Structure formats: structure tokens, C-alpha cells
2 protein chains.
Amino acid sequence: MKLRTPYLLFLGDAHDQLAAKTAAGVAYWRPEWSLGQLRLPGCKADLGLPDLTLEEAAERGAKTVIIGIANRGGVIAESWLPTLLRAMELGMDLASGLHRRLTDVAPLRELAARLGRRLSDVRHPTREFEVGSGRKRSGKRLLTVGTDCSLGKMYTSLAIEREMRRRGLKADFRATGQTGILIAGSGVSVDAVISDFISGATEWLSPDNETDHWDIIEGQGSLFHPSFAGVSLGLLHGAQPDAIVMCHEPTRTHMRGLPHYPLPSLRECIDANIAAGRLTNPAIRCVGISINTAALDDSTADSLLKQTADAFGLPCVDPVRGGVAAIVDRL
Amino acid sequence: MKLRTPYLLFLGDAHDQLAAKTAAGVAYWRPEWSLGQLRLPGCKADLGLPDLTLEEAAERGAKTVIIGIANRGGVIAESWLPTLLRAMELGMDLASGLHRRLTDVAPLRELAARLGRRLSDVRHPTREFEVGSGRKRSGKRLLTVGTDCSLGKMYTSLAIEREMRRRGLKADFRATGQTGILIAGSGVSVDAVISDFISGATEWLSPDNETDHWDIIEGQGSLFHPSFAGVSLGLLHGAQPDAIVMCHEPTRTHMRGLPHYPLPSLRECIDANIAAGRLTNPAIRCVGISINTAALDDSTADSLLKQTADAFGLPCVDPVRGGVAAIVDRL
């Protein structure tokens, strides 16, 4: 799926800032595509973008309305429909990262069909994939991996893409989750692919490329997460990374959602990823560690990054606090 | 999905014995459910079962017609329809392991709906699963794993179930692929599950049970197969096996379908499964090796089994040649 840009970010009636996390990610990483926000009465989120009416957005060239909010059950609320229908009448497509599909809402589906607009449910892959071939592809690949889910793999990947492009290097972020797909404008939500095709979908996502081109592939889950390790392994095999960056959150006391499972150590997790990744790329190496230090004060964060870098002999960064330059130096 | 037994095995116009492999597996492992075979003109396969008309099968109590053949594209041939429709009129359900769905063939779907018959496309899961919880379940579990795909994991699992039951032990084969599901009468085709739910589907397949009960879970793929390792890992984590049996085919020169990938060594493959399996069951151990020696003569096979047993200090058997008693002794 390939979304048309630029975007109007629809925040609906988001009841706090966190509910608009997906839209916030798009606004942060793709300011050049984010023309403005549209908030319904009662909306408590604010991305700091211009508030635009649908007519103003259309005038400024908005091509897709991004439904960038999360809610209980991932549903499309009845109260959003007049806005979404009108947006299509004004020429815009719709894209959503919600669990429930835009295409399952009859009025949206019917109007889109009549007007030729596209409804993109980015959480649900729409194409079929081949099984993975394990064939070596041209070009270079970096994959972010992690000790757990939801600790900064997407942010780290996007920061690396940004830093590489700033230096004039050829790099493309490859999205594997719904927020990443809205940010990249394309991608595959690998955890929603039929399990026979995980590595095949990842191979498709990151095809042959120029020798000096890097795909920066967004990781998912963790080899040590009992619920999702199969996805992480299929992604690792399909990505065939030349380089991995290990992502970690130092204050987490157990695997996300599973209080009875402790986090693996960084060393154990790096070793397991290197060992498994060698199957499809014997040259795989770890080029850095990315630590999400949001919960730490400056001096604690600084000394943790320094200690970890020393212990592993690898660049160790927080992409938000200090950027990822030290990792890109290694590539 | 739960199939009604006994079965009539439909061989259609299978053009050789291999095309009826699925039905042959059912007839071999479930003679008590296999009332007979139904062959159309031109059929070259023969399971050695009585040839029954639909009317005879109905009279003898057949509850489900098993479409136990493979063909190019996995399609339901036009020429089968009169037989399949008549079977439903006589009170039978239909079950198929083909890629194309019975429920996608309008005349079958419509008649089944009208008469209240069940169409089971066992390759395609019909229910939704939870994500895996990693929670420890009561009862014991054995998982067959392998150096590659298609080398005897299902046969090994079924032989262990049969041997355990013969000894009066409590054991249930748990099917994870289409042939296995037809043999067990229920199961989940895990490689067709959405990848987020691989381990969750496996947890569902093998629920809490009596302390002295063993689930014998059919493995899939290999941690060393670049196309399918994600499935194998999710299955390993969801199964939480107390015991694994490593399955191997000694004459295979490369991973199935991938000429550029050599097979892993038995040692490497056992170690990798034990290391990964410890995440959800720290007590996991390898209790035996199952070698498919079909391609070897008796004395070569014998000496390979003995050498391997000595080298690993584990029972090493060929389930077809000599049975699996030595492995069951270990449980």
C-alpha cells in the first residue's frame, strides 16, 4: 500500500494527548507532509499544527486524511462519519491504523467506490506474499531489534534514516507496523501477515537496491517475548540485516503484558539475534545500542549510556536525547 | 474445528499414488475411522480399502467425506461436484486439506447451508485466537522439531501417541497441519494463522490437562529454514514442551526448496531448540532423535541409528522401521 501525500491529521474526539500518539508520530517525523490537524468538539489532543477545516485542507492540497488516533477496541466512531464522508467528496483518500477496517463501514466503502477514493487500512495487508526465498539481495540493510516490544525501535529507525539522509547517504525507512506505515506512506504490518509468509513479506518490503543504499527496517517484538518471538524471527530472517541496532528500556521490570517474564540481558539478546540472523546473512553484526532513557534524569542517562558503550565496545545512544550520529558513524 | 467420524476417503481422479498421500496418511493412522475409499473413473491411486458408493458409505455410517488428494493449485475440480453434492444429500459433511476452499465453491456452499452440513477447510483456521500468554499449563507436552520441513515430524508424533496409548498412558496427538488435522479430527493449521497469534493458537491447541497426560504436538518447519522459522519458533514457545524429539532425514543435501541452504547439524539444531524453548519452559529437554531412513538399506540404517544414539546419548529411532518404544521409555 502506498499513501498519497500530503496529509490532514484527523484527531477526532481524542480524550487525551496519548490517544493521538499515532498522529503525533506522523507530525514529528513527517512535518513536510503534515499540513494541519482536524479536531472534533471535545478533542483534548493538540499536535501544535494549524487547525484546518476540510475545505482549507483541500485547498492546500491535502491528499489523504490520516485517522491518527487510538481508542478502545480500535473502532471507527459514528460521530466521525460526516467528516470522513465530506473529506472524500472533497477529493481526499482515507487511511487508518485502527483495528476495525474503514472498508467494513458501509457508508465509507460505498462512497469511496462511487468516487474512486482509496481506503487504506494499514494494519491489514491487502496483498498476497510469496514464502521467503532466503536469496541474498543487493544493497545494505539495518534492522532494529529489541529486548522487548514498544521501546523505541521505530523512533530509532527513523532517527537513523534522518541522520543518514542529512549526511547525503542513501537510506529508506521500511515500515513494519501501522504507525510506521503512516509515517513512511507505505509498508507492511508484518504481525498481521499469515505466518507462512512473514519472512517473504519482509523480503518483498526490502527488495534489491543499489550497492551503497541502506534500508532501515523497523523491528517488531523481541526474540524473548513469548507472544511475538515468531514474528521477530521471521522478520530477522527476511530482513537479512548486515547491521542490527539493539533497542532497550532500562527501567522496564518485565516483558510488556507478561508480569511473570523478566527482560533478557542486553548481551543475551544481542547474541541470540546475531546467532539467528547468521542463517540468512553470515556477515550480520551489531553496530550499536539504542536506549530509551525518557524515565531517567540527565546525569543518570548519560552515565548509563557511557557505561553501556564501554561494556559492549559499541556506540550507545538515546535517539531522542542525543541523536544517533555515533551509530551512523559505524555504518 | 472438529470433524465428525467415521470417514469416507474421496480420491477423485488422483493420477498416481502420491497424489493421494493425505488420504493414505488418514487410512494408515486412523483405520478405525476409514470405512472405505471412493474413486472416480481414471483414478490411479488405491489405499487398499473397500471401494464404496456414496449410498454404501452412508449405510455404514460415514459422517464426513475427506477430500484427501493433492493436485496442481490445490483446486476443487468441477468433475468432483456431483459426488460431493450427493454426499451432502445423504447426510455427510465435507472436509478438505486443499488450498482452495470448499466454501468458495457456490454450489457446495449453498447446498451445505440449505441442509445444515459442515464444510471444513482444514488448511484455513476459522476461529480467532488470543496472543500467547506464556502462562504455564498443567499436564505434559512433547513437541517434534526438525532439521528441515517434511521429514517425518507428523509420523513421529503419531507413532509416539500410538505407543503411549498401547502402554495405557494418557496421550493425545495435537495436529498443526492439514493432514494431521484430518487424522486427528481436529487441530489448527498454524502456518495459516495470522503471525501475531502463532504462539497463542498453539496454547489454545494444547490446553491445561491432567498432570500425567501428554500432548504430542506435531511440529512444523525448522528453526533453520529461512522461509518458515518464525512459525517454528512461535510453535515452540506456545507448545512449552517438556520434551522435544529431533527429526531428521540423513540423505537430504539442502533445506527443502532452497538449494543454497545446507542442513544444520543435529547438534546445532538440538541446541538451538533447547535454548529458544527455555524461554517458556526452563525444564525442556531432548528425549530422542527420529531419523527417516527410508532411503537407506537395512544395515546402513541400523548402524546410523546406533552411531547417532551413541554420539548423543539419546534414543535414536526410525518410527517406520523400528517404532518409537525407546523414546517412550524415556518419558
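# A guided tour of chains A and B

Start by selecting helix α1 of chain A, residues 21–29, where Thr22(A), Ala23(A), Ala24(A), Val26(A), Ala27(A) and Trp29(A) are buried. Here a residue is buried if 20 or more other C-beta atoms lie within 10 Å of its own, exposed if 12 or fewer, and partly exposed in between, with C-beta atoms placed from the backbone. Helices (H or I, at least four residues) and strands (E, at least two) are DSSP runs, numbered from the N terminus.

Before moving on, please note that this is a predicted model, in which local features need pLDDT of at least 70, side-chain atom pairs count only at pLDDT 80 or more, and totals for chains, interfaces and linings use all residues. Residues are numbered from 1 along each chain as its sequence is written, while chains are lettered from A and ligands numbered from 1 in the order in which they are written.

**Around helix α1**

Contact means that the C-beta atoms of two residues, placed from the backbone, lie within 7 Å. Now switch to chain B, where helix α1 (residues 21–29) has Thr22(B), Ala23(B), Ala24(B), Val26(B), Ala27(B) and Trp29(B) as its buried residues. Their cover includes β1 (7–12), β2 (34–39), β3 (64–67), α5 (153–166) and α6 (178–184) of chain B.

**Two domains in chain A**

Next, colour chain A by domain: domain 1 covers 7–121 and domain 2 covers 140–329. These bounds come from an automatic or database domain assignment. The C-alpha centres of domain 1 of chain A and domain 2 of chain A are 29 Å apart. Where they touch, domain 1 of chain A supplies nine residues and domain 2 of chain A supplies five. Which element gives the most to the side of domain 1 of chain A that touches domain 2 of chain A? That is α1(A), with four residues. The side of domain 1 of chain A that touches domain 2 of chain A divides into four nonpolar, four polar and one charged. In this count Ala, Val, Leu, Ile, Met, Phe, Trp, Tyr, Cys and Pro are nonpolar, Asp, Glu, Lys and Arg are charged, and the others, Gly among them, are polar.

**A pair of helices**

Select α3 (81–89) and α4 (106–115) of chain A, which pack at an angle of about 5° with their axes 10 Å apart. That makes α3(A) roughly parallel to α4(A). Axes are lines fitted to C-alpha atoms, for helices over the stretch in contact, and angles run from 0 to 180 degrees between N-to-C directions. Angles under 35 degrees count as roughly parallel, over 145 as roughly antiparallel, 65 to 115 as roughly perpendicular and the rest as oblique. Show the side chains: Leu81(A), Leu84(A), Leu85(A) and Met88(A) of α3(A) meet Pro107(A), Leu108(A), Leu111(A), Ala112(A) and Leu115(A) of α4(A). This contact has nine nonpolar residues, no polar and no charged.

Arg101(A) sits in the loop between β4 (93–96) and α4 of chain A. With 17 other C-beta atoms within 10 Å, Arg101(A) is partly exposed. Leaving aside residues up to four places away in sequence, Arg101(A) touches Asp121(A) and His124(A). Arg101(A) and His124(A) are 23 residues apart in sequence, yet 8.2 Å apart in space, C-alpha to C-alpha.

Go now to Gln240(A), in the loop between α8 (229–239) and β9 (243–248) of chain A. Gln240(A) is not a glycine, but has a positive phi of about 50°. Is Gln240(A) buried or exposed? Gln240(A) is buried, with 26 other C-beta atoms within 10 Å.

Then find Pro6(A) in the segment before β1 of chain A. The peptide bond from Thr5(A) to Pro6(A) is cis, with omega near 0°.

**Both chains together**

Finally, show both chains. A rotation of 180° with 0.0 Å of shift along its axis superposes chain B on chain A (RMSD 0.0 Å). The two copies are thus related as by a two-fold rotation axis. The superposition is by least squares on the C-alpha atoms of residues with pLDDT of at least 70 in both. At the contact, chain B and chain A give 27 residues each. On the side of chain B that touches chain A, α8(B) gives the most, with six residues.
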